[in-house]
Amino acid sequence: KLSNQGVVYPKSYYLLVKSGKIDIIAPARMTGYAEDGRWVLLDNGKKVAAKVIILATGWQSSWKKIFDDRTALEIGLGRHAPTIEGIKAQDLWSYKTLVDPPPTHIENQTQHYVTSTYRCLIPGKNVNNRDFAFSANQGYTNEVDAHWISSFLQGDPMRFPSFPEEAIAEVELSSAWMRRRYPNMLSWVNESYSTTLDFWTWPQAADQLLEDLYLRSMRSGGNWFTWPFKVMDLKEVSSLREEREAIRKKYK
């Protein structure tokens, strides 16, 4: 079970939505209150009566409050249209399991924005400068992310593209795969949530980062097929600092 998923029970979120007891109004954002204070005004022109309002981020990027447009463009955080043609990219994945896909998400039909966030940690455009990185993951992957970023900023030996163009192309290919694999999923939310979604595959994503550092992967003893059945522990990555120091001396 994950979050509120898994075995369905009478008061589960999904069952309440399906039965109509929870009404979802999306995509829409609140723009203000009606004059009587009893209604919430939405950006789609509608209004909703509300007794309680919970303030949340709404999956909006906080980058615009940190970087102005010029700075974001300079370091490669801005969004742009894909440079890889979608038809050619889809030809790479002609799997039988992808035959007769569900309808494409309506917003994906008109919005084809991508960012160039390599490994979800650095802007591909800035790959050679090695002076800027970020992370928003948790737990096991957060620990690996931190070491990856540390090695990146310190100029340690790493396996990643030599040129920004290579990094950007790899990121766009990953984004094209996500649209191909999950056509009915919203592929663009905002600048910081638009590249890939390593939700169920976070162990492979973490292993990929370890291999970028020339460190041992598959530390739980599993492999590409058995990892869902292996228990992963933070102790597996407790010695990354020492391992990185050894790699640094080896390539010095």
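The lining of the second largest cavity has three nonpolar, one polar and three charged residues, where Ala, Val, Leu, Ile, Met, Phe, Trp, Tyr, Cys and Pro count as nonpolar, Asp, Glu, Lys and Arg as charged, and the others, Gly among them, as polar. The model is predicted: local features need pLDDT of at least 70, side-chain atom pairs count only at pLDDT 80 or more, and totals for chains, interfaces and linings use all residues. Residues are numbered from 1 along each chain as its sequence is written, and side-chain values use heavy atoms, with hydrogens and water left out.

The lining consists of Ser151, Asp156, Pro157, Leu213, Arg244, Ile247 and Arg248. Helix α7 (residues 240–250) contributes the most, with three residues. A cavity is a set of points on a 1 Å grid over the protein atoms alone where a 1.4 Å probe fits but cannot get out, and lining residues have an atom within 4 Å of a point. This cavity holds about 50 Å³ of space; the whole structure has two cavities of 30 Å³ or more.

Helix α5 covers residues 164–181; at 1.5 Å a residue its 18 residues should span 26 Å, and its end C-alpha atoms are 26 Å apart, which agrees. The expected span is 1.5 Å times one less than the number of residues. Helices (H or I, at least four residues) and strands (E, at least two) are DSSP runs, numbered from the N terminus. Among the buried residues of α5 are Pro164, Ala167, Val171 and Ser175, buried meaning under 20% relative accessible area with a 1.4 Å probe, protein chains only.

The open sheet has three strands in the order β1-β2-β3, with antiparallel pairing; two strands pair if DSSP finds at least two bridges between them. β1 (30–33) and β3 (47–49) stand at the edges with a single partner strand each, so one side of each has no neighbour in the sheet. Strand β2 (residues 39–42) pairs with β3 over three bridges, and valine 40 has valine 48 of β3 as its bridge partner.

Technical notes:
Buried means under 20% relative accessible area, exposed over 50%, partly exposed in between (1.4 Å probe, protein chains only). On a 1 Å grid over the protein atoms alone, a cavity is a set of points where a 1.4 Å probe fits but cannot get out, and a pocket is an open set with protein on both sides within 12 Å along at least five of seven lines; lining residues have an atom within 4 Å of a point. Grid points are joined across faces, edges and corners, and a volume is the space filled by probe spheres set on the points.
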